[in-house]
Amino acid sequence: MSSKSVLEHFTVPDDFQNGNTFKGKCMHCGTLISGSYKVTSNFVTHMKRKHRDLYILHSENKEIQPTLTQCIKKSVKYSPSDPKQLEMTNALIMFIAGDLLPLSIVESEEFKNLMEKADTKYQVPSRKHLSSKLLHEKSVEIKNNLVNTLKRAESVCLTIDLWSSRQMRGFLGITGHFIYNCQRLPRLAKLAVQYLAIPATSAPVERLFSTAGKTFRPERCRLADGTFEKLMMVKCNGKMLK
């Protein structure tokens, strides 16, 4: 309870001059208390001692007006092109795709509260914006980076495996092994090609199918093919950007 609001519980004479001492009559018990607009400690003490419940109730219900700095700090958000906004959005995409989480997590009130606690300026993207634009852009970025990396490889060893779902939907899995940036260590690269044979196993492809099964599970049966493909691109090849 502020020093001025405590006077709401007292009847103050109308003819007193500002700064002068006057006697205010308590509206609850009729007691006369001496004080002034500048010195209200007697009024506060009376409310604490004689009407403690009203004093506590009034203090709890009295809203504190926020300062201008607090209002500005609360309302200002990162712009879409802000480096911090882009950095956190990129981390959010990798988090969702990497841990096979549903895109609807950005609509969760608990998740929004978590991001608000982490950074009040960050704007959590909507589910539609995430699936139609942000995930697409990240998938294209990873794909282009993968293509440019493969162009610099002198040779690529491929492992191919076929898989059919219970609905008899066919899938083709391809994994590639290559030596990256072999121009820096040409002799070591030749030794690696000669002695480090590529394992003739479909295990990497099977891991890919296992990941796909966890992503396209019954609870996510409405997942569009395009979104599923982009999630798999980010999940399996996202490390290429690091």
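I began with residues 22–52, where the chain is 35% helix and 29% strand and the end C-alpha atoms lie 23 Å apart. Helices (H or I, at least four residues) and strands (E, at least two) are DSSP runs, numbered from the N terminus. UniProt, in an unreviewed entry, places the feature "domain: BED-type" at residues 22–52; its positions are given in the numbering used here, feature names are shortened, and annotations may be inferred rather than shown by experiment.

I noted that this is a predicted model, in which local features need pLDDT of at least 70, side-chain atom pairs count only at pLDDT 80 or more, and totals for chains, interfaces and linings use all residues. Residues are numbered from 1 along each chain as its sequence is written, and side-chain values use heavy atoms, with hydrogens and water left out.

**Sheet**

I found an open sheet of 3 strands in the order E1-E2-E3, with antiparallel pairing; two strands pair if DSSP finds at least two bridges between them. E1 and E3 are the edge strands, each pairing on one side only. Helix H1 (residues 41–50) packs on the sheet and touches E1, E2 and E3; contact means heavy atoms within 4.5 Å. The direction of H1 makes about 145° with that of E3, where axes are lines fitted to C-alpha atoms, for helices over the stretch in contact, and angles run from 0 to 180 degrees between N-to-C directions.

I then traced the pairing. Strand E1 (residues 10–11) is joined to E2 by 2 bridges, and Phe 10 stands opposite Cys 26. E2 pairs with strand E3 (residues 32–35) over 4 bridges, with Gly 24 opposite Ile 33. The E2–E3 hairpin has 5 residues between its strands, and Gly 30 in the turn has a positive phi of about 80°.

Buried means under 20% relative accessible area, exposed over 50%, partly exposed in between (1.4 Å probe, protein chains only).

**Leu 100**

I located Leu 100 in the loop between helix H4 (83–98) and helix H5 (109–118). Leu 100 is not a glycine, yet its phi is positive, near 55°. Leu 100 counts as buried because its relative accessibility is 17%.

**Helix H9**

I checked the length of helix H9 (residues 225–237): its 13 residues should span 18 Å at 1.5 Å a residue, and the end C-alpha atoms are 18 Å apart, which agrees. The expected span is 1.5 Å times one less than the number of residues. The buried residues of H9 are Thr 227, Phe 228, Leu 231, Met 232, Met 233 and Val 234.
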